[in-house]
Amino acid sequence: MAIASEPVAGSVDIAANLAAVRAEIAAAARQASRPADAVTLVAVSKTHGPERIVPAIDAGQQVFGENRVQEAEHKWPELKQRFAEVAVHLIGPLQSNKVRHAVALFDVIETVDRPKLARALAREMDKQDRRLPCYIQVNTGEEPQKAGVLPAEADAFVALCRDELALPVAGLMCIPPLEEEPALHFALLGEIARRNGLDGLSMGMSADYPVAIEFGATLVRVGTAIFGPRETYR
Ligand SMILES: *Cc1c(COP(=O)(O)O)cnc(C)c1O
């Protein structure tokens, strides 16, 4: 996934970018005969500091996504104190030894992908008495280097999380392979969700969120289209 780093543009009109993304979401939802409020925009603020995040909050954005626990721990406690209505989703890999911090800080965990992590999350949510909605990450492209349960293992893993561990499973999440047609992966994720009776579908990024909405996305995770390019890709 090596992409040349690009310098971050000095000025980014975050309010205008957000308005454009929201308009695209509404248009894609309308085209799919879905209500616009069926889709929640997760503004992916990884690598960006408060100077980009606060303008987004001021423009009405309340849901954010971060992919690293440690980075989020540096940024969000203070912001959450200032802006109590804001929710932060974890959209990156979660190591078992960071589960305590993750449960304390985040509002939604989108990347539950293995039994050990699911068990640790269930234990920690009990301990902290914080029941966070969880999404199960599915490796729809069956890429060896990518996190997520394989499609063939998804039903059993959903059952483990939901029935045995009583995790609040809200839906499924995927990151399609870079070089493939995302629609195939969105359709597959939707099919796995339907047969498991799950409503939530976290799929679609800057390059493909309108397609994801066509295929039923309830969460779209959009970074670059809102905040501009990141200094390094991750
Ligand atoms: C970075 C990231 C995004 C956002 O990507 P953009 O292309 O900048 O919109 C979405 N989902 C995950 C899991 C990410 O890590």
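**The ligand and its surroundings**

Modeller: In this predicted model, an N or O atom in the side chain of Arg221 lies 2.9 Å from a nitrogen atom of the ligand. Ser206 and Arg230 are among the residues that come nearest to the ligand, together with Lys46, Gly223 and Thr224, out of 13 around it. Sorted by class, this shell holds 6 nonpolar, 4 charged and 3 polar residues.

Turning to the rest of the protein, helix H7 runs over residues 182-195. Its 14 residues should span 20 Å at 1.5 Å a residue, and because the end C-alpha atoms are 20 Å apart, the two values agree. The buried residues of H7 are Pro182, Ala183, His185, Phe186, Leu189, Gly190, Ile192 and Ala193. In an α-helix there are 3.6 residues a turn, so residues three or four places apart point the same way. Cover for the buried residues of H7 comes from elements including helices H6 (154-164) and H8 (209-214) and strands E6 (169-173) and E7 (200-202). After H7 comes Gly197, with a positive phi near 65 degrees.

Elsewhere, strand E3 (residues 87-90) contains His89, which is buried at a relative accessible area of 6%. Beyond four places in sequence, the contacts of His89 include Val42, Phe64, Phe106, Glu110 and Leu219.

Methods. Residues numbered from 1 in each chain as written. Predicted model: local features only at pLDDT ≥ 70, side-chain atom pairs only at ≥ 80, totals over all residues. Heavy atoms only, no water. Helix = DSSP H or I, 4+ residues; strand = E, 2+ residues; numbered from the N terminus. Buried < 20%, exposed > 50% of the residue type's maximum accessible area, 1.4 Å probe, protein only. Contact = heavy atoms within 4.5 Å. Near = heavy atom within 4 Å. Polar contact = N/O pair within 3.5 Å; in protein donor to acceptor, adjacent residues only side chain to side chain. Nonpolar A, V, L, I, M, F, W, Y, C, P; charged D, E, K, R; others polar. Expected span 1.5 Å × (residues − 1).
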